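Open the model in your viewer and keep the selection panel at hand. The tour goes stop by stop: select, look, move on.

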Amino acid sequence: MHSDPRRELWNPTIETLPREALRALQLERLQKQVLYNHERSPVHRRKFEQVGAHPRDIRSFEDFARIPVMTKDEHRRMQQESLERHGSPSALMGCAPPEEIVRINATSGTTGVPTLYTLTAHDVAIVNEMHARKYWRTGIRPGHTMIQALSLSMFTGGLPLSQGIMNLGACVVPVGIEGGTKRVLDMVKLTRPHAIVATPSFGQYLIEEAPRHTGKPAHELGLRFFFCAGEGGGGNADTRHALADGFGARVYDHTGGGHAFHGISCDRADEVDGAMHFVSEDHCLLELVDPKDRTPIALAEGAIGEMVFTFLDWRGGPFMRYALGDLLQVWTSPCLCGKPGIRFKILGRTDDMLTVKGVNVYPQAIAGVIARFRPHLTGAFRIRLDRPGPKVRPPLRLRVEHAGLEASDLASLENRLVAEFRERLHVRPQVEWLAQGTLARETGKTHLIEIAHS
Ligand SMILES: [Zn+2]
């Protein structure tokens, strides 16, 4: 089907579909999907009943926006109820019969019981297609080797990502982060990959550790692409530059694991605020809502809202108006890079949101400010709270790693850092300095918030 290796897009027919044609395809698939979901899942059926609607009533996206959203907590409760009452995690939300389910993926479960995604072979093929669309855009082709240094266990970026890379025809080295830094670097030395997929914080740790383990700096390892995943740092220009300089590589941020929401940044990321191109709109209907009352927000240039997505042409456990708790900004104008697709940036988690004297602050935005002070700061930091958010009793306390500065330099740096926070985020943090290497890096996801137990 996709034959010309010189083409710029993996699937040009779909990826360059004009907006109106794409919306028509989405609506057609949505109408089929809601009938399917309603027929097969009591959880989905209840959503329609709550507002006295039937899937046949869905004639427009506006009609569909009346259906109540499903939250992650609700998903978790349904999963538990499903296990208790039916002895299966997907009896209530799953839509395909068990004999068609070929894979269960899960979120990392860092914020509670993992939520599960069930997939049929058809759904797995969609996920593989999306991974191929993302990497192909950046220039990955058959003949390239990609080392995967994300968590390989139930994290949706594990096996599904490896399979997606193979689907494109490139070679994956699924070493995973579980074996530790030395193992990843050993495999880089042995397999000479062109690309690495890792969290930005692990990437920075590799840059620090490469000389000790390999006898040469990271930029001599031969890596030409660094793909950020699993945490937000790839959307930040300074983080990208630190990785690009450290590895001598092109850096891309991307998202999308075992489900239908996928995006990847482009070569003009610095000029478009680190936004990612949305590559899976034919299988994922994106909506934005106000995080407080879930009223719809139009997908217009620059709009910000909580992301709500619905899988289209999906058979296993299709999510319908699912609100994962991510705060998203979207851009609909053509991108400077010339590649198709609306763009989005994940600004933070709506439940990570902290409020300091009524000002909303996201940990990722704090990371962005700290990254501006490289190389004086390592970029590693923690937010220290007395009790769980969102409300923070002022001042906002930050534990920040510096890169081996003298006390006298720290004092002036602190003034500049605090001023930058006031300017950009409208908060005045209290800074506690930590020596370089104090904070742990070797976790799949870095937890930026610490609750003081005193
Ligand atoms: Zn672009």
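Select α5 (72–86) and β3 (116–120): each supplies at least two residues to the lining of the largest cavity. Helices here are DSSP runs of H or I with at least four residues, strands are runs of E with at least two, and both are numbered from the N terminus. α5 gives the largest share of this lining, four residues.

Before going further, note that this is a predicted model, in which local features need pLDDT of at least 70, side-chain atom pairs count only at pLDDT 80 or more, and totals for chains, interfaces and linings use all residues. Residues are numbered from 1 along each chain as its sequence is written, and side-chain values use heavy atoms, with hydrogens and water left out.

**The cavity**

Stay with the largest cavity and show H75, P89, S90, M93 and L116. Of its 14 lining residues, these lie nearest the centre. The volume is about 120 Å³. The structure holds one cavity of 30 Å³ or more. On a 1 Å grid over the protein atoms alone, a cavity is a set of points where a 1.4 Å probe fits but cannot get out; a pocket is an open set with protein on both sides within 12 Å along at least five of seven lines; lining residues have an atom within 4 Å of a point. Points are joined across faces, edges and corners, and a volume is the space filled by probe spheres set on them.

Now colour the lining by class. Ala, Val, Leu, Ile, Met, Phe, Trp, Tyr, Cys and Pro count as nonpolar, Asp, Glu, Lys and Arg as charged, and the others, Gly among them, as polar.

**The second largest pocket**

Select N236, D273, K345, A365 and G368. They lie nearest the centre of the second largest pocket, which is lined by 25 residues. About 600 Å³ of space lies there. Which element gives the most to this lining? Select α11 (363–371): it contributes four residues, the most. Elements that each supply at least two residues include α10 (237–247), β14 (322–331), β15 (343–349) and α12 (407–425). By class, the lining of this pocket has nine nonpolar, nine polar and seven charged residues.

**A helix pair**

Select α8 (181–191) and α9 (200–214). They pack at about 70 degrees, with axes 10 Å apart. That makes α8 roughly perpendicular to α9 (the label covers 65 to 115 degrees). Axes are lines fitted to C-alpha atoms, for helices over the stretch in contact, and angles run from 0 to 180 degrees between N-to-C directions. Show T181, K182, V184, L185 and K189 in α8; they meet F202, Y205, L206, E209, A210, H213 and T214 in α9. Contact means heavy atoms within 4.5 Å.

**A salt bridge**

Go to E28 and K32. They form a salt bridge, with the closest N and O atoms 3.7 Å apart. The cut-off is a side-chain nitrogen of Lys or Arg within 4 Å of a carboxyl oxygen of Asp or Glu. Both residues lie in α2 (19–40), four residues apart, about one turn of the helix. The structure holds 23 salt bridges.

**Backbone stops**

Select G389 and P390. A cis peptide bond joins them, with omega about 5 degrees. P390 is in the loop between β18 (377–385) and β19 (391–392). Next, P394 to P395 is also a cis peptide bond, omega near 0 degrees. P395 lies in the loop between β19 and β20 (397–402).

Finish at R294, in the loop between β11 (284–289) and β12 (296–297). Its phi is near 60 degrees, a positive value in a residue other than glycine.

Definitions and conventions
Parallel < 35°, antiparallel > 145°, perpendicular 65-115°, else oblique.
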